[in-house]
Amino acid sequence: MQIEKCNKPTKCDFLGCNNLADYSFSTKGILKRELAFCKECLNGMYQEIAKLQTPKATSSPFKPKPRIKK
Ligand SMILES: [Zn+2]
């Protein structure tokens with residue numbers, strides 16, 4: 001998986017976002033198609049991921065289980 005610069009004019013895949021996508025998330029067939037997103041949504045995702053990676057509210061010594069399937 002890797003994030004690539006989106007060179008085709010594609011609409012951002014995020015619901016409610018009308019920007020053009022700046023990046024695409026290449027999954028090499030894991031998803032049916034590549035996920036395209038704009039800088040704003042990338043930033044939003046990053047903030048959410050950062051929250052997951054560094055939980056500050058809890059002091060649990062246990063690592064949260066990774067989600068296997070939705
Ligand atoms: Zn967007």
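**View 1. How strands E1 and E2 sit together.** Start with the join between strand E1 and strand E2 (residues 23-26): the two run antiparallel and share 4 bridges. Keep in mind that this is a predicted model. Ile3 stands opposite Phe25 in E2, and Glu4 has Ser24 of E2 as its bridge partner. As background, strands of a sheet pair through backbone hydrogen bonds, either parallel or antiparallel.

View 2. On the E3 side, E2 and E3 are held in antiparallel pairing over 3 bridges.

**View 3. Ser24, a residue with partners in two strands.** Ser24 lies in strand E2. Besides being the bridge partner of Glu4, Ser24 stands opposite Ala36 in E3. Is Ser24 buried or exposed? Ser24 is buried, because 20 other C-beta atoms lie within 10 Å, and 20 is enough to count as buried. Setting aside residues up to four places away in sequence, Ser24 touches Glu4, Cys6, Glu34, Leu35 and Ala36. Take Leu35 from that list: Ser24 and Leu35 are 11 residues apart in sequence, but their C-alpha atoms are 5.5 Å apart in space.

**View 4. The largest nonpolar core.** Which residues make up the largest nonpolar core? There are 6 residues in all: Cys12, Ala21, Ala36, Phe37, Cys38 and Cys41. In soluble globular proteins, nonpolar side chains tend to be buried together. Zoom in on Cys38 and you'll find it touching Cys12, Cys17, Asn19, Leu20, Ala21 and Asp22, not counting residues up to four places away in sequence.

**View 5. Leu20, out in a loop.** Look for Leu20 in the loop between E1 and E2. Leu20 counts as partly exposed, because it has 13 C-beta neighbours inside 10 Å, and a residue needs 20 or more to be buried, or 12 or fewer to be exposed. Leaving aside neighbours within four places in sequence, Leu20 is in contact with Pro9, Thr10, Lys11, Cys12 and Cys38. Phe37 is 17 residues from Leu20 in sequence, yet the two are 7.5 Å apart in space, C-alpha to C-alpha.

View 6. From the N terminus on, the elements run β-β-β-α, giving 1 helix and 3 strands in total. Helix H1 (residues 39-53) has 15 residues. Its first and last C-alpha atoms are 20 Å apart, close to the 21 Å expected at 1.5 Å a residue. How many of the 15 residues of H1 are buried? The count is 1, and H1 is hardly covered.

**View 7. Confidence and contacts along the chain.** How far can you trust these views? The mean pLDDT of the chain is 82, with 80% of its residues reaching 70 or more. Confidence is lowest in E2, at a mean of 87, and highest in E3, at 90. Where pLDDT is low, the predicted coordinates should not be read in detail. As for reach along the sequence, among contacts between residues at least 6 apart, 25% join residues at least 24 apart.

Key. Residues numbered from 1 in each chain as written. Pairing = 2+ DSSP bridges. Core = buried A, V, L, I, M, F, W, Y, C linked by C-beta atoms within 7 Å. Contact = placed C-beta atoms within 7 Å. Expected span 1.5 Å × (residues − 1). pLDDT = per-residue confidence, 0-100.
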